[in-house]
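Welcome! Let us work through a few exercises together, one step at a time.

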Amino acid sequence: MGAAPRHGSLKKFLAAAEAVLDFVGTVLVGLSLAAISIQVFYRYVLNDATTWSDTVAATSLAWMTFIAGTAAVRRNENIAVGFLVERFGPKGRKLVDTFGHLVVLAFALALTYSGLILMDVTRSAVVEGFGFHVTWAQFYSISVVSGVLMTLFTLERLASLWRRA
Amino acid sequence: MIGVVALLLFFGLLLVGVPIVFSLGFASLVGVLLLDGQNGWAIVAMQIFETLQHFPLVAIPMFLLMANLMTVGGVTNALVAFANSLVGHVRGSLALGNVTASTLFAGISGSCLADTTAVGSMMIPAMIKEGYPPAFAGAVTAAANIVGPIIPPSILMILYGFAAEVSVIKLFLAGIVPGVLISAVFAGYAYWVSRRNGYGSMAHHFALSRALRAFVYALPALVIPALIVAGVLGGVFTVTESAGAAALYALFYALGRGALKGAVPWREIWAAFRQTAIDTGVIMFLLGASGLLAWVLSRSQAPQAMAAMMQGFGKYETLMLINLAILFLGLFLEPAPGLLLCTPLFLPMVKALGVDPIHFGIILVVNLQLGVLSPPVAASAVVTSRIAGISFEQQTHALWPFMGLGVAALLLVTYIPALSLWIPSLVK
């Protein structure tokens with residue numbers, strides 16, 4: 001009895017997480033554009049150089065990649081080569097799809113673990129160039145967030161695949 | 001040996017439908033752990049960040065944003081109208097207009113599939129209405145749009161410039177002659193077929209006033225590649241800044257066009273930013289995973305092993321063998337992952353043979369772009385067959401003559417380096 005509402009709320013949570021990822025990714029595109037525009041404006045109009053714009057734009061790009069790449073997992077937007085598996089019957093297709101999801105799951109878990117190690121190693125190192133205090137561990141934390149959400153999204157897709165049967 | 005294991009695993013996962021980025025990621029993960037054991041765990045995330053966190057790569061989302069915003073501003077209509085005003089007076093005008101519009105569109109977008117969708121959704125229905133066979137209409141569109149990443153600006157060139165550590169602006173310049181050559185060859189073939197079979201009609205007589213009016217409407221888009229190249233060569237911008245400036249220009253263009261029409265398309269502009277984030281995520285995550293594989297290949301000395309295998313072959317034979325290998329890979333891989341895989345594998349070898357890395361970049365991009373036309377994957381053919389309402393097989397069948405011409409152009413680009421290197425040689 002209680003299973004359906006639990007599934008419903010988990011689905012809602014994952015949909016909300018995807019919407020947040022979309023929103024933050026979109027804002028980061030704007031932030032990159034703003035950083036580059038300000039850099040050019042400072043150099044030619046104010047005859048001055050910014051020290052932070054390169055770092056902000058490059059950091060936004062790295063975060064945008066993890067964020068949008070994670071949302072793409074839920075929407076299944078990553079490019080795959082399907083010509084062979086499209087020839088399989090429904091059973092074979094299901095097995096192959098399950099295997100594919102397990103590969104994604106393994107990579108997502110590895111990314112989470114690897115990100116945690118990286119955060120631990122760099123917890124007191126400070127990123128230069130922001131103009132305010134940011135540690136490398138904080139910067140690398142996006143890989144852990146990405147890994148965890150990728151894991152949840154993949155589990156959701158796996159559950160959906162097996163429920164369809 | 002471990003590099004070979006990682007590559008075989010990658011291809012195995014690819015064939016069973018695992019998304020390319022995770023095939024790369026998982027195969028590389030196994031490679032890293034086999035090479036470095038427990039110490040390898042930190043390398044996985046570290047290497048992905050190392051690959052991504054570079055200011056020059058910010059040009060990729062900026063060029064994507066520019067193309068998305070220009071589309072919001074209605075640039076596709078303006079470019080198609082301008083192309084038709086130039087060639088509408090000859091038989092097969094829509095086929096020629098299609099190739100011309102695709103070539104012009106390449107100047108504002110670095111992505112082949114985006115160009116194919118944008119130009120194809122306008123030109124294919126118009127061509128079918130004019131009596132062109134749907135398969136031919138789709139084939140002209142798919143083939144013509146492979147120049148998108150060859151003519152600047154180009155996402156593939158930025159990726160190659162990063163992976164090969166060569167000047168992106170020189171790559172942009174190097175792509176101009178090969179891109180125009182391929183367009184001219186395809187236009188010539190489309191004209192010949194249309195004339196021979198009596199396809200289409202002459203839309204109108206040539207009128208300078210019509211061409212000038214269409215030119216003025218298309219001018220905001222036509223100036224973009226010139227602004228980018230001139231801005232960088234003039235020392236005003238870096239390539240990344242030029243991409244940012246182009247994106248800002250496109251934002252003002254979309255806002256201005258909306259304001260003139262009485263309604264600023266805020267929702268569409270937000271959607272353009274969102275789409276840019278999505279596209280960036282897919283492309284850059286691929287780059288990050290490729291960076292990890294490149295690390296595995298480099299640590300396991302795969303390029304050296306490859307070079308040892310090719311020992312005894314001269315420069316021209318090696319280029320031929322590499323072209324065949326890339327054509328084969330292109331049957332299965334999208335151009336971006338193909339490029340990121342081939343660069344660390346082949347570049348050291350061709351450099352040792354005295355091939356200019358800029359020249360090799362153009363060979364690589366032209367070759368991989370042919371892959372979007374060839375089955376079994378043929379992403380462009382998938383798009384055009386859907387728009388034309390025909391089967392994938394009908395579409396790929398109609399594409400074979402274009403593939404043959406594309407391979408001939410690839411041979412010219414491979415064996416006449418001046419086609420690529422002449423324009424870059426004019427700048428310091």
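The exercises below concern a predicted model.

**Exercise 1.** Describe the contact between chain A and chain B.

Solution. Next, take the area: about 5000 Å² is buried between the two chains, and carbon and sulfur atoms give 81% of it. Then turn to polar links: the rule finds 7 residue pairs in polar contact across the interface. On the side of chain A that touches chain B, α1(A) gives the most, with 15 residues. By class, that side has 38 nonpolar, 14 polar and 5 charged residues.

**Exercise 2.** Find a salt bridge that crosses from chain B to chain A.

Solution. The interface of chain A and chain B holds 2 salt bridges. In one of them, B:R274 pairs with A:D22, with the closest N and O atoms 2.9 Å apart.

**Exercise 3.** Look at the salt bridge of A:D97 and A:R93, and work out how the two residues are placed along their helix.

Solution. First, the N to O distance in this salt bridge is 3.7 Å. Second, both residues lie in helix α3 of chain A, and because they are 4 residues apart, about one helical turn separates them. Third, check accessibility: A:D97 is partly exposed at 28%, and A:R93 is partly exposed at 32%.

**Exercise 4.** Which parts of chain B does the pair B:R299 and B:D36 link?

Solution. These residues form a salt bridge, their closest N and O atoms being 3.0 Å apart. B:R299 sits in helix α13 and B:D36 in helix α2, 263 residues apart, so the pair links distant parts of the chain. B:R299 itself is partly exposed, at 41% relative accessibility.

Note on methods:
Residues are numbered from 1 along each chain as its sequence is written. Chains are lettered from A and ligands numbered from 1 in the order in which they are written. This is a predicted model: local features need pLDDT of at least 70, side-chain atom pairs count only at pLDDT 80 or more; totals for chains, interfaces and linings use all residues. Side-chain values use heavy atoms; hydrogens and water are left out. Contact means heavy atoms within 4.5 Å. Buried area is the accessible area (1.4 Å probe) that two parts lose on being put together, summed over both. A salt bridge is a side-chain nitrogen of Lys or Arg within 4 Å of a carboxyl oxygen of Asp or Glu. A polar contact is a pair of N or O atoms within 3.5 Å; within protein, one must be able to donate a hydrogen and the other to accept it, and residues adjacent in sequence count only if both atoms are side-chain atoms. Ala, Val, Leu, Ile, Met, Phe, Trp, Tyr, Cys and Pro count as nonpolar, Asp, Glu, Lys and Arg as charged, and the others, Gly among them, as polar. Buried means under 20% relative accessible area, exposed over 50%, partly exposed in between (1.4 Å probe, protein chains only).
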